[in-house]
Amino acid sequence: MKFRVSAVQYRLHTISSFEEFAAQVTHYVKTAQEFEVDFILFPEFFTTQLLSIGDEHGQALGIERLPDFTEAYVQLFQQLAQETGTHIIGGTHVIEKAGKLYNTAHLFYPDGRVAVQPKLHITPTEVTEWNMSAGDGLTVFETDKGTIALLTCYDIEFPEIVRMAKAKGADVIFCPSCTDDRHGFHRVRYTSHARAVENQVYVVTTGTVGSLPTVDFMRGNFGQAAVITPNDVPFPPRGILVEGEINDDMIVTADLDLELLYQVREKGSVTTWRDRRTDLYTDWS
């Protein structure tokens, strides 16, 4: 099975209406559609751009107001996925459930279905400054192109959760991210490579770029999209199919071949998934 993916380096900037946000999103989707992609990935927290619209006094909205846009957000991405026949991972959007806020990845299917995966590991800033709550379960998602998982930013830094995703059948991990400096970016990037090697899966990741000068904790963004592979002979030596230019407004695109994953798991130079010492540590499968 082969399919094509695009990852959006979404440029954050101050806007004045939801329509302006929708126009920017549509631009990226239509650009990716010109490459006949099957999946489009947006970054984590990119909908915080909506907070820059501000209130009647011209002040940026607080994070607790982001769920006010959920209905319009879902409607926009549902429509785009159906119109283009593309699976769209709409980055993450903050939703409210039972009085709690969840940083939630959304998968929009071409047939109109919507699946969600709350972020499972919450950073100290998300807890102390934004009062985010952690999701309580991992789901993998079946698509007509294969089985995927949505693990957001900090999630990829925990080997156990990616082991679980692979054990549940995921061959591709989509990792929307949002990091404000080089340290955070490289934590996510290096661990994405580690998870690809450990589990012999693809990792597709991207981050926000640009700045929201009026929105707290979104003033700095350091991002780069990449499609990451295991490090073995069928793949590029550095384990990178494609990567963007750091902090540029752009889209990267690559083709994923699941058959190559199956080959290296069976007879690669190393067979890390098969060679797990489950007599010594937990077997997540």
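Predicted model: local features only at pLDDT ≥ 70, side-chain atom pairs only at ≥ 80, totals over all residues.
| Helix | Residues | Buried residues |
|---|---|---|
| α1 | 18-33 | F18, F21, A22, Q24, V25, T26, Y28, V29 and A32 |
| α4 | 159-167 | I161, V162, R163, A165 and K166 |

Helix α1 has 16 residues and reaches 22 Å from its first C-alpha to its last, which is close to the 22 Å expected at 1.5 Å a residue. What covers the buried residues of α1 includes the strands β1 (2-9), β2 (11-12), β3 (39-41), β4 (87-97) and β15 (250-257), together with helix α2 (70-84).

For α4, the cover of the buried residues includes the strands β8 (140-143), β9 (146-150) and β10 (172-177), as well as the helices α5 (182-199) and α6 (258-267). Just after α4, the backbone at G169 takes a positive phi of about 110°.

Helix α6, which is among the elements covering the buried residues of α4, contains Q263. Is Q263 buried, partly exposed or exposed? With a relative accessible area of 32%, Q263 is partly exposed, because this class lies between the cut-offs of under 20% for buried and over 50% for exposed. Q263 and P234 are 29 residues apart in sequence, while their C-alpha atoms are 8.9 Å apart in space.

Key: Residues numbered from 1 in each chain as written. Heavy atoms only, no water. Buried < 20%, exposed > 50% of the residue type's maximum accessible area, 1.4 Å probe, protein only. Helix = DSSP H or I, 4+ residues; strand = E, 2+ residues; numbered from the N terminus. Contact = heavy atoms within 4.5 Å. Expected span 1.5 Å × (residues − 1).
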